[in-house]
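Me: I would like to learn how to read the cavities in a protein model. Could you walk me through them?
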Amino acid sequence: MSRITARVSRAALGLAALGLCALPASADKIKNPTAVFSGLDKITGRIVSFEVAVDETVQFGALQLTPRVCYTRPPTESAKTTAFLEVDEVTLENKYRRIFTGWMFASSPGLHAIEHPIYDVWLVDCKGGTDVTVEAKEQEDVPAMASKPEKPKRGGRDKDPTRTAQQVNSAGQVDVEAPRGVPVQPRQKPSRKFFPSNEGPAPAPPPQQPQSIFDALFR
């Protein structure tokens, strides 16, 4: 009788272990209302840091950014800061082209970088969130396959007729390179704009040297 009981106990333990293995592993995350970015103007070398609320659109140079979610991990978890972002480029003809849609990782800025010849933007942090949510790891934020626009295949059939060596607008300005991304219609206007190429405030005039009594009387 004792042998049968032992076998039943072993079988029950085995089934319990299998049940635990079948359950999906979970991960805690904090949903934040604000994303923090840094932007670089590759021509001037100026770096601008700015905060963007989730679902808010701001413009950095010729890029319009809209974060959709921004996640961090609680102190008990290993650090991981991610954000899902949509980036549109405003061309010289005032047209919009989607050049990036996908996840950004603060710990690996180059993993899903925005490909642009003049501007670079990367995620720095997410802030403002307090509520911790638990989701299965299968649903956890992972690199999106559509984070970079699919490059056209080589060959004459798939060649985009809009891609030319130089793109000249009505004012005679020339784009740096052919259009990137796909045409889109903006959903909302940017609430703020940052232009790192703009000149800063004019420098203060040099301080005047104090005049002597001789200069004040005879000059």
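Reply: Let's start with the lining of the second largest cavity: by class it has five nonpolar, two polar and no charged residues. Here Ala, Val, Leu, Ile, Met, Phe, Trp, Tyr, Cys and Pro count as nonpolar, Asp, Glu, Lys and Arg as charged, and the others, Gly among them, as polar. The model is predicted: local features need pLDDT of at least 70, side-chain atom pairs count only at pLDDT 80 or more, and totals for chains, interfaces and linings use all residues. Residues are numbered from 1 along each chain as its sequence is written, and side-chain values use heavy atoms, with hydrogens and water left out.

Me: Which residues line the second largest cavity?
Reply: On a 1 Å grid over the protein atoms alone, a cavity is a set of points where a 1.4 Å probe fits but cannot get out, and lining residues have an atom within 4 Å of a point. In this case they are Met-104, Phe-105, Ser-108, Pro-109, His-112, Trp-122 and Leu-123. β7 (96-105) and β8 (119-127) each give two or more of them; strands are DSSP runs (E, at least two residues), numbered from the N terminus.

Me: What classes of residue line the largest cavity?
Reply: One nonpolar, five polar and five charged. Among them are Arg-68, Glu-86, Asp-88 and Gln-185. β5 gives the most, with three residues.

How values were computed. 1 Å grid on protein atoms, 1.4 Å probe; cavity = no way out; pocket = protein on both sides within 12 Å on 5 of 7 lines; lining within 4 Å. Helix = DSSP H or I, 4+ residues; strand = E, 2+ residues; numbered from the N terminus.
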